[in-house]
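Dear colleague,

Please find below the structure that I am handing over to you. A short account of the findings follows it.

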Amino acid sequence: MSIDLDLKEGRSRPSLLSSFMTPRAAAASPAILSILLIPGLVIVAAFFLIPIARVAFEVGNGPEGWATYLLILTNGRYLESLIQTLAMSAGVTVMALILCAIVGLFLVRNRFAGRSILIGTLTLPLSFPGTVVGFMVIMLAGRQGVIGGLTDAAFGSKLVFAYDIAGLFIGYLYFSIPRVILAVMASAEKLDVQLEEAARSLGASRFRVICDVILPGLMPGLISSGAICFATAMGAFGTAFTLATDIDVLPMVIYTEFTRNANIPVAAALSIVLGLITWACLAAVRSFTGEGKNIAVRGGA
Amino acid sequence: MRRTGIFYAQLGLTILLCLFIVIPIVMSALAGVTVNVFQGLSSGLTLRWIFEVWDLYASSIFLSLWLAVACLFVTLIAGVPLAYVLVRKPGRATRLFEELLTLPVAIPGLALALALLITYGGVSGYRSSWLFILTGHVLFTLPFMVRSVAAVMSAMDMKTLEEGAASLGAGFWRRFFTVIVPNAKPGILAGALMVVTLSVGEFNLTWMLHTPLTKTLPVGLADAYASMRLEIGSAYTLIFFVLIMPLLIAMQILANRGSKPARTTATAEDK
């Protein structure tokens with residue numbers, strides 16, 4: 001198509017100078033373009049496509065054969081860990097969305113001293129590794145943590161919950177907040193204030209304005225950042241690893257199957273299933289909201 | 001502007017959320033320089049733990065920095081040309097390739113590491129070297145570089161710039177290095193910061209790929225949390241913060257500069 005256009009332009013301006021200046025001269029030849037692609041292609045093919053395909057087929061070599069893929073549904077322990085991981089990730093996502101929608105909207109709509117410091121603080125843990133987030137939870141709710149100290153002073157008993165599911169929840173929330181808040185703020189900046197003013201001048205109450213104008217406007221941003229948050233929580237490993245909890249979240253189960261039990265086919269099958277869930281979740285949302293450029297918020301964890 | 005009760009309620013929640021983020025950071029920084037955490041700050045301040053961490057983990061810290069630089073190098077060489085092709089030749093094949101490229105970010109690091117281990121774990125020289133970890137880091141960070149550079153490239157009028165340069169007789173490579181790359185610099189810089197920060201902090205993949213001789217900073221952190229005193233874990237976290245904070249702040253400044261024009265127009269509309 002582009003070559004066609006180039007030819008046409010070339011024909012309509014047949015002078016020597018303009019033929020010298022045709023876009024054709026500026027277009028890189030296919031050979032050059034493929035040279036440019038080579039390093040990236042090699043990396044993706046050799047270190048991603050081939051290994052993933054090998055893992056997917058490796059599963060078939062196990063004692064259970066292809067049925068290993070079904071283990072996650074038929075084996076009580078794996079199914080339970082899958083459900084627990086799904087519930088945990090969904091809970092964290094909802095919580096993060098509610099908190100960040102309120103705070104993000106507030107930070108976009110108001111200008112006051114110290115505002116940028118607050119934004120900076122909230123987005124700070126964006127690329128903290130999961131282990132550090134786990135340690136932050138210990139600092140907050142561990143045996144020597146702030147919360148324990150406060151409750152000890154107030155009620156005479158230490159509240160310690162870093163090492164059970166509440167601790168894990170807090171940790172996941174910790175690394176979800178920066179991701180969600182960035183996305184919420186980005187979509188809140190695009191909201192049309194005039195729509196709200198119109199609604200208000202027509203007599204809508206504050207509650208109605210929030211439900212009928214603000215929330216629908218924020219929705220695409222909330223859905224896409226929610227998906228990112230959910231997928232990150234599904235795959236997060238470092239936080240659970242640091243807290244050394246007995247809670248079987250899927251990544252921990254994969255890890256123990258692989259290292260302690262040397263059960264490679266099962267670990268591989270669970271990884272493939274987990275990978276499919278997270279990828280499908282992100283892909284579905286992207287095709288739904290039509291935005292996918294903002295992977296910056298995916299970051300570490 | 002009138003401040004209502006709702007303003008203060010929202011401000012309160014925001015501050016609460018900030019405290020939730022900041023308090024553990026401050027706590028861990030303080031614990032890292034306290035003589036005895038169990039007695040609290042009254043036991044005095046010391047740099048002893050920092051030195052101990054340095055003795056124990058300096059090699060891990062240097063390996064991480066080295067890996068980040070190597071990772072940056074590879075993602076620059078592979079990512080900038082890739083971004084150029086993706087922007088210059090939009091189409092179905094390009095979109096498919098972009099999707100494929102971004103996939104390693106969408107699936108959990110643990111699964112990626114497992115795939116690499118099963119496929120290349122048997123290659124002994126490679127498995128035991130830092131290059132094995134580098135592979136994982138490149139896979140994970142490359143999409144960030146490509147997206148960041150592609151975003152800037154599609155915002156600038158590359159076609160006109162290239163035509164201009166071509167009309168002056170510049171061949172492709174000359175255009176690429178003297179016109180395209182310099183113009184894409186903001187994107188390259190943002191991508192570079194992102195790649196380095198992510199590489200220094202990467203744990204999910206690295207934990208699976210590392211060997212006792214190739215421990216990175218986050219692997220050392222996990223090790224310190226599991227087996228060392230609380231003070232040593234804290235001091236090590238403090239060192240990590242000192243390394244990573246400047247990168248995070250630089251990233252924020254860059255992002256702010258990028259969105260400034262958009263923001264000023266938004267406030268102008270407000271008035």
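Is Cys229(A) buried or exposed? Cys229(A) is buried, at a relative accessible area of 0%; buried means under 20% and exposed over 50%, with partly exposed in between (1.4 Å probe, protein chains only).

This is a predicted model, in which local features need pLDDT of at least 70 and side-chain atom pairs count only at pLDDT 80 or more, while totals for chains, interfaces and linings use all residues. Residues are numbered from 1 along each chain as its sequence is written, chains are lettered from A and ligands numbered from 1 in the order in which they are written, and side-chain values use heavy atoms, leaving out hydrogens and water.

Over all chains there are 0 disulfides, a disulfide being a pair of cysteine sulfur atoms within 2.5 Å. The closest cysteine sulfur to that of Cys229(A) belongs to Cys100(A) and is 8.0 Å away, so it is too far for a bond. For Cys281(A), the closest is in Cys229(A), at 9.8 Å, which is also too far for a bond.

Turning to the interface, 93 residues of chain B are in contact (heavy atoms within 4.5 Å) with 91 residues of chain A. Phe20(B), Ile21(B) and Ile118(B) supply 8% of the area that chain B buries against chain A, more than any other three residues; buried area is the accessible area (1.4 Å probe) that two parts lose on being put together, summed over both. Between the two chains the buried area is about 8,300 Å², with 78% given by carbon and sulfur atoms.

Yours sincerely
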